Amino acid sequence: MAEAHQAVAFQFTVTPEGLDFHLSREAVRQLYLAAVHSWKKRLVRAKNSFLTGVYPASPSSWMVVVMATAGSCYCQVDPSLGLIARIQRWLPRGEALTPQAQTVVSTVVFSTGAWLAAVLLFRRLLRLLLSYHGWMFEPHGHMSRSTRLWIALMKIMSIRKPLLYSFQSSLPKLPVPPVKATVARYLESVRPLLDDDKYLEMAALAKEFQEKTAPRLQRYLRLKSWWTTNYVSVGSPGDSGDPAAFGAVASELVSPPSSMRRDLGSPGCPGWSSRGRGSRTHSLSPLSVPVSCPFHLSPSLKHLAVYHKGRYYKVWLYYGGQLLPPADLEMQFQRILDDPSPPQPGEERLAALTAGERVPWAEARARFFSRGPNKAALDAIERAAFFLTLDEEEHGHEPARPGCMDAYAKSLLHGRCYDRCAPQNLPPLWGWGFWGAGGVNSPPPPKPNAPCPPQFMLATDKFQLGYTEGGHCKGDPRRQLAPPQRLQWDIPPEGVAAIEASLRVARALAEDVDFCCFPFSTFGKGLIKRCRTSPDAFIQIALQLAHFRDKGSFCLTYEASMTRLFREGRTETVRSCTSESTAFVRSMADARRSRSERQRLFKAAAEKHQQLYRLAMTGAGIDRHLFLPSTLIGPSTHLDVYKRQVLSEPWRLSTSQTPQQQLRMFDLNKFPDHVSSGGGFGPVADDGYGVSYIIAGENLITFHVSSKFSSPETDSQRFGRNIRQAMLDIAGLFDKPPPAAG
């Protein structure tokens, strides 16, 4: 109880003698430090917002302009062409403002105006420079004069080191593509999937839509692009196997994302960029993000929610205005692990409500969690920086245990259906030195963007923080910290019944997931690049070959692409199944085709895929432009047909590449055991596959394949074998065939 009282600044009781007042000096001190830290943070944010707003200029450049103008005036040279004198005449006269003071003020006002005009001019120039995408379409190894000039100008404009948001307001807006071009690219994308009669029918429908309905929808999109910034936007780390060191592992993994959140919350954080273009990361609340909302932003996230053995806790991440170090977090987690109290009625399986149907969860929230202790506890979870699960099941990759990664991936994906919050943020955590992270994908459909901080967490844990010889975090914990707060629930029997009903639905969904995760180490991007081919194009064509061998047909294929070259850019779709790729795949099934012909067809397919990827990245994709019109106006005959024929097409092969960020953090060849295996997702269509892959270094590609047991057409293990063989067969066209994978 003494520790708990540290969180209370004062308390009083009413006695017959009067008020009995007790003041905690330590609590008052912490409140004072927190207030000071908060005001310092506000001042720093204000300063950084100003620095970001005037980028690429700086306050020192303002001083230079003022001094240069004053020096010119002193030398009887008027750089303002009479504007300084005119400003001086507008200033009020009086004893406080002498003629000399008027001269100084008018000089400063003119200099400030000239400096601001220069800032606006430079920012406009910067936006024009960032609108140039010609470098992306140039052949590898060749650079035009325009691109060389662009690079030189960008270096000049970026002499001052940018902050996190320095380029944000200078990024160009995502352009609205012409309807004719989008419809043409759409018809091209579905041509290999339709026979002649169905294609002619689709072409007629597309022409009718383009002439009758599309012009009105296009005007809506252009208007929206004018008043919005983006027309697409909608409103094992520890080596210790000792369970006693589990809290150390958890704290080491919580510390990096917490510090990353803190840094990203400040505009002063150094920018992450792609060719000088800044990007953004947001915080997501873990429990009740509305389906219609792309993400829920919380302005000040100071704690995390922890789940262990059916109980929920609230753990503060700050003390005295400072982020807790790993040793303090380890102590807090150990207190949770040592807590013998049982779960409250309905508490253990509470999160099953978020794993079932959305409507029952919304109804249960309104009935049972809108007031009293339930609302307070739920608010603590929703407003947490992220959600942490301390799981005591053993998971991980062991080469001697085939299939162990499959079970690990399924545990990451859905767990027991009641010990993972869905949608959840990061990171659900597993015991015995193994861990994993889950992220929430948000609209717009068909598939959104997914940031990947786990690689940062893994590298920071191993190469920066480290552990003691006993497997604990370095440093001494502060024992005076208040213990974690156990969240209190008062769930009625009807609420428990709703939880159990949702759990049955969630288990049925989870048990239907077929997952296959495997490392492909026969070769990697090193050999692929020697074939003068993009690694991503190579893998995408291999997936087309594997799918054709698996099902005997082609399907609409999705690949995620980023549009971060534009302001508030998110994702776009690359339709990987093309006429060129299908021609190559058919040649691999035709024994009469020669090796040279197959090579030629593969090169054409790879170049076509790269062209589609470049178009998607530069705002000339298909699906975002096609999806938006259906959300802007009411029902109409042509729009209903459009929705039924175009938007309802199933993505039977949904793919995504996880970016590899660890190359910047450590040598993957020296520490192969610390290479991230990436992540995966469930299938989009009931009779389809979900495939995620990560290209790690020169000799490793990890695949994550998912499908549903209930579909007789799919088998994740079979598709995984087809992917392996397709990779080997394509590589054999260009080099000595690699040995068969084990």
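Strand β13 (residues 557-562) is largely enclosed by the rest of the structure, because 5 of its 6 residues are buried. The model is predicted, and buried here stands for under 20% relative accessible area.

β13 pairs with two strands, as set out below.

The nonpolar cores come next. In soluble globular proteins, nonpolar side chains tend to be buried together. The largest nonpolar core of this model holds 42 residues. Those with the most contacts inside this core are F523, F584, V691, I701, F703, I723 and M727. Both helices and strands contribute: β12 (513-520), β16 (689-696) and β17 (700-708) each supply at least two residues, and so do α15 (525-530), α16 (535-551), α17 (579-588), α18 (595-617) and α21 (716-732). With 9 residues, α16 gives the largest share of this core.

Which residues does F584 touch, leaving aside those up to four places away in sequence? F584 touches I541, R598, L601, F602, I730 and L733.

Methods. Residues are numbered from 1 along each chain as its sequence is written. This is a predicted model: local features need pLDDT of at least 70, side-chain atom pairs count only at pLDDT 80 or more; totals for chains, interfaces and linings use all residues. Side-chain values use heavy atoms; hydrogens and water are left out. A nonpolar core is a set of buried Ala, Val, Leu, Ile, Met, Phe, Trp, Tyr and Cys residues joined through side-chain atoms within 4.5 Å. Buried means under 20% relative accessible area, exposed over 50%, partly exposed in between (1.4 Å probe, protein chains only). Helices (H or I, at least four residues) and strands (E, at least two) are DSSP runs, numbered from the N terminus. Contact means heavy atoms within 4.5 Å. Two strands pair if DSSP finds at least two bridges between them.
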